[in-house]
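Please study the sequence and the structure before reading each solution.

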Amino acid sequence: MTEPVFLRACRGERVDHVPVWFMRQAGRSLPEYRALRGTNSILDAIADPELACEVTMQPVRRYGVDAAILFSDIVVPYHALGFGIEVVPGRGPVIDRPFSSAADLERLPELHEDDVRHVTRTVDLVVEQLATSGTPLIGFAGAPFTVASYLVEGGPTREFAVIKTLMHREPALFDQLLDRLVEITVSFLRAQIRHGAQAVQLFDSWAGSLSRAEYQRFALPATKRVFEGIADLDVPTILFGVGTGELLTLMSGANSTVVGVDWHVDLDEGRRRVGDKPVQGNLDPARCLGGTTLALDATREVLAKAGTEAGHIFNLGHGVLPQTDPDVLAAIVRVVHDEGKAGVT
Ligand code: CP3
């Protein structure tokens, strides 16, 4: 049997249509998600495999996207290890006692598959449900730098002042922290792949806060080691960050199969910077908010910039915004499938 289109595009092969999925497709923009979700913490929802499986499946059924993404979160392994994390609605991850000294390294022990059995159970359920359609499941994790920014800052930040101070003032401690995060991330991804995730995405969402020199010294080596740690499993890997236009050439050297491009860089230029590798992106999520006609104009602009060479996976340049009309996303999927030309035979 030929591989699903999404996986073939990740490997730079020619395809029947340009594949499309949306970051944050499983979540708040769907009324069926809000109906299920209740008012518990998102971490409780993620800990319920039947619920998490259903939320993962909802966008696949509704949109006919070419891949499912596991309903989980980048903080899940650290929550499982008891680091003391909650995800506050409208805000994001918040840490009780942020990482600040060498003593805190002990709070980041090795992650065993059993620590995240709720996640692997969800993967099992999803893989079983996807078997009939052959739609692949994307597993994911946060990249070490982005996770470190939450653990050190104690919550979302615009300035990244605490993490940048740590990295420049105590580089050895920063390196030790990232070593721990690499190990945990590799274990977390390996567990998802072992249970049937057919591709994985590493979210280095906040890498764009770094200069090129900082990225090269403080984020890239750890990211590379994560990909090296799963290379033997031979699944396509995607590296994504926001505001990373200046970093794309460096990110391309991180050993992922695919590089995600956010909307700040046109995709023709993004492809040049990434070089000889497939790209994923890059419709501005805000351009999905003004109704179908405007969103489809923007979609066609992205398809035009993607060109005709193989190796484009259509996505947004960041996650679906909560107020997005699901009908707009459904229309985008149809247009990408009908009109996308990158690598189409
Ligand atoms: O993409 C998907 O559909 C799969 C699910 C997914 C979630 N989080 C579920 C979620 C994925 C891939 C993530 C990744 C994630 N989580 C990232 C990287 C991606 C990115 O956006 O850059 C980051 C930085 C986080 C941390 C986090 N978790 C944030 C910033 C928030 C938003 C807080 C808020 O309410 O605005 C969360 C919560 C979260 N994770 C929600 C969802 C659907 C929304 C809250 C909810 O439904 O209760």
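**Exercise 1: Helices H12 and H13**

Describe how helix H12 (residues 267-274) packs against helix H13 (residues 292-306).

Solution. The axes of H12 and H13 are 7 Å apart, and the two helices pack at an angle of about 40°. Axes are lines fitted to C-alpha atoms, for helices over the stretch in contact, and angles run from 0 to 180 degrees between N-to-C directions. Helices are DSSP runs (H or I, at least four residues), numbered from the N terminus. Leu267, Asp268 and Arg271 of H12 make the contact with Val302, Lys305 and Ala306 of H13; contact means heavy atoms within 4.5 Å.

The model is predicted: local features need pLDDT of at least 70, side-chain atom pairs count only at pLDDT 80 or more, and totals for chains, interfaces and linings use all residues. Residues are numbered from 1 along each chain as its sequence is written, and side-chain values use heavy atoms, with hydrogens and water left out.

**Exercise 2: Helices H9 and H10**

State how the axes of H9 (residues 171-194) and H10 (residues 212-230) are arranged.

Solution. The axes come within 9 Å and cross at roughly 30°. H9 and H10 are therefore roughly parallel to each other, a term for angles under 35 degrees.

**Exercise 3: The ligand**

Which side chains place an N or O atom 2.4 Å or 2.7 Å from an oxygen atom of the ligand?

Solution. At 2.4 Å the side chain is that of serine 205. At 2.7 Å the side chain belongs to histidine 318.

Notes: Angles under 35 degrees count as roughly parallel, over 145 as roughly antiparallel, 65 to 115 as roughly perpendicular and the rest as oblique. A polar contact is a pair of N or O atoms within 3.5 Å; within protein, one must be able to donate a hydrogen and the other to accept it, and residues adjacent in sequence count only if both atoms are side-chain atoms.
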